[in-house]
Amino acid sequence: MIEIKNLSFKFGKLKIFNDFNLEIPKGEVVLITGINGVGKTTLLRLIAGVLKPLKGEIKFSDEISSDPRRYIGFISDKLSLYESLTVSQAIDFHKSIYGISNFDDFLIKFTKIKKSQKLKQLSIGQRAIFHLSLILSTNPKILLIDEIIHSIDVYLRNIFIKELIKLISEKMVTLVLVNLNFYDIENILNRVILLKNGEIAVNEKIGTLKTKVKKLISTNSPKSLPVISQIDYLDHSEYFIYPYKENYRKQFDGEVIDLNLTEIVSAFIGGEYA
Amino acid sequence: MLKKEFRDTLKILLECSSILLAIPLAKILDKLVFHQGWRFRDVFDITFIVILFVFSIFSGLYVFQSEKKDRGFEYLLSLPIKRSKIIFCKIFPRLSILLLLLAVTLIFSIFDIPLQGCITIITLQLSAVFLTLAVDSLIIHFIGIFILFTLFQLFSNLIFYFINNLGVFQLTYSAFFGELFSSLILLIPLGISFILSFKNFDLKPLKFHTKPYLFITLPAIAIQILILFLYNNKYI
């Protein structure tokens, strides 16, 4: 479990979070999303311990609280690793830090990575898979992945996501993803958290969210309904409603449409730019 | 991690060792142009001292170079390593290789006054190490090192004269204590600033981490400069 309590953080005078609170239950797969610059990556870095909070605390479950970083795997958006090391040297380095003797290289065999290759010679996909295999060797309890999945080519992305599914189902790992593209990961998500102005605008289970956000197509403006954003066309408009209730159908003349996750998040983000 | 840091430090030493190429070059130039009859030993001694100076500055300033160059800072900070261990792993290989080089200079008596020479070189390296978190620009770092080195030399002379005037110690001991005290006066505020900065270090830009340098190192240096100024103008 990750529990963020009264967290404040800023870069100089730029406030990112002020008294921010969040709880992520153990074993959940959470997507953190929001517009660019809202603090998604900063939040992930704070959980990973790469950034230090100005105020407040980030608590972890008892089993890992003694040394959280030992149990947190963090793949940053920049795929930060020592690029001048060879694959073999990077494995040795990682093993020495975590005090582990075995490294299962089955995953890097798929990607045709040679152990004598320098990390800077690897493609983004190969580096992401390699980083994941480093993390898997340490048996993480929490895995944080920052906007890297959709930079990976389709073949390696499938391998990457299959490994994530295995990790979630077999080891109950808590997975926190920051992503702006949801097509491939929608099926593995439990919860969606949308950040807005350093606060949580939406924190819903994915099933609940899909029932709560709907698109209404109509020629009339539904002024009494909670519209989060709208798209106007020549002869009609699309209204995105949150939270949607079944009795709205009676109040409103138009067609109600279910949305997928990409459309839901687009609706929220569109509302912020409106 | 120690293994990696030793490897990085040896790489810097290898790069610095390219200065050794100056020896055959100097011999050739002497034979063809200068005709001074330079001995191999004299040229080697000067070259080796230059290597010591260059290595101590570069290895010191490049403490976090591999993280900057390799974009590995985020990875390093996410690893379960205590900050104190990171500092140790960074400083120990640099200092131990420098001490090994200094042992060579002692064996071959390269310095005229060995202990003072060693203190100067170690001070130079540690100053560079402690300065590595202060600013982001390598040029400003180099300028900073030369200012600190000049200050260190002036201050050690001042302490030397002070101790020598007491008439308690021999001349060489007074000079030794002058270097020792001066290095401590320089390294203590710099070291405290470095440790305080690194204790709270994270991925934020460097400018958010330099408060200890502003509030500890800069006033300490200002006081040293003031003392030198007052002494030079015979106020003290």
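## Surface patches

A:K55 sits in strand β4 of chain A, residues 55–60 (strands are DSSP runs of E, at least two residues, and helices are runs of H or I, at least four, numbered from the N terminus). This is a predicted model, where local features need pLDDT of at least 70 and side-chain atom pairs count only at pLDDT 80 or more, while totals for chains, interfaces and linings use all residues. Residues are numbered from 1 along each chain as its sequence is written, chains are lettered from A and ligands numbered from 1 in the order in which they are written, and side-chain values use heavy atoms, leaving out hydrogens and water.

A:K55 is exposed because its relative accessibility is 55% (exposed is over 50% relative accessible area, buried under 20%, partly exposed in between, with a 1.4 Å probe and protein chains only). With A:K10, A:K15 and B:K211, A:K55 makes up a surface patch of positive charge. Patch members have over 30% relative accessible area and no salt bridge; like charges are joined within 9 Å, and nonpolar side chains (Val, Leu, Ile, Met, Phe, Trp, Tyr) within 5 Å. Lys and Arg count as positive, Asp and Glu as negative, and His and the chain ends are not counted. Each charge is placed at NZ of Lys, CZ of Arg, CG of Asp or CD of Glu.

Chain B contributes a nonpolar surface patch of about 690 Å² (areas by the Shrake-Rupley method, 1.4 Å probe, with only the protein chains shown counting as cover for residues). Its members are B:L25, B:I28, B:L29, B:L32, B:V33, B:F34 and B:W38. B:L32 belongs to helix α2 of chain B, residues 22–34. B:L32 is exposed, at 64% relative accessibility.

## Chain A: overall and hairpin

Chain A has 10 helices and 13 strands. Its C-alpha trace spans about 65 × 40 × 35 Å along the principal axes. Of its 274 residues, 53% are buried.

Strands β8 (residues 191–196) and β9 (residues 199–205) of chain A run antiparallel, joined by six bridges (strands pair if DSSP finds at least two bridges between them). A:R191 has A:K205 as its bridge partner in β9(A). The two strands form a hairpin with two residues between them. In the turn, A:N197 has a positive phi of about 50°.

## Salt bridges

Over all chains, the structure holds 21 salt bridges (a side-chain nitrogen of Lys or Arg within 4 Å of a carboxyl oxygen of Asp or Glu). One of them pairs A:E163 with A:K166, at 3.7 Å from N to O. Both residues lie in helix α7 of chain A (residues 154–171), three residues apart, about one turn of the helix. A:E163 is buried at 10% relative accessibility. A:K166 is partly exposed at 36%.

A:K215 and A:E238 also meet in a salt bridge, again at 3.7 Å from N to O. A:K215 is in strand β10 (residues 214–218) and A:E238 in strand β12 (residues 237–241), so the pair ties together parts of chain A that are 23 residues apart in sequence. Both partners are buried.

In chain B, B:R39 bridges to B:D42, with the closest N and O atoms 3.0 Å apart. B:D42 is partly exposed, at 34% relative accessible area. Salt bridges with shared partners also link B:K4, B:E5, B:D8, B:E67, B:K90 and B:R94 in one network.

## Helix α8 of chain B

B:Q153 lies in helix α8 of chain B, residues 138–166. B:Q153 is partly exposed, at 24% relative accessibility. B:Q153 and B:D70 are 83 residues apart along the chain, and their C-alpha atoms are separated by 36 Å.
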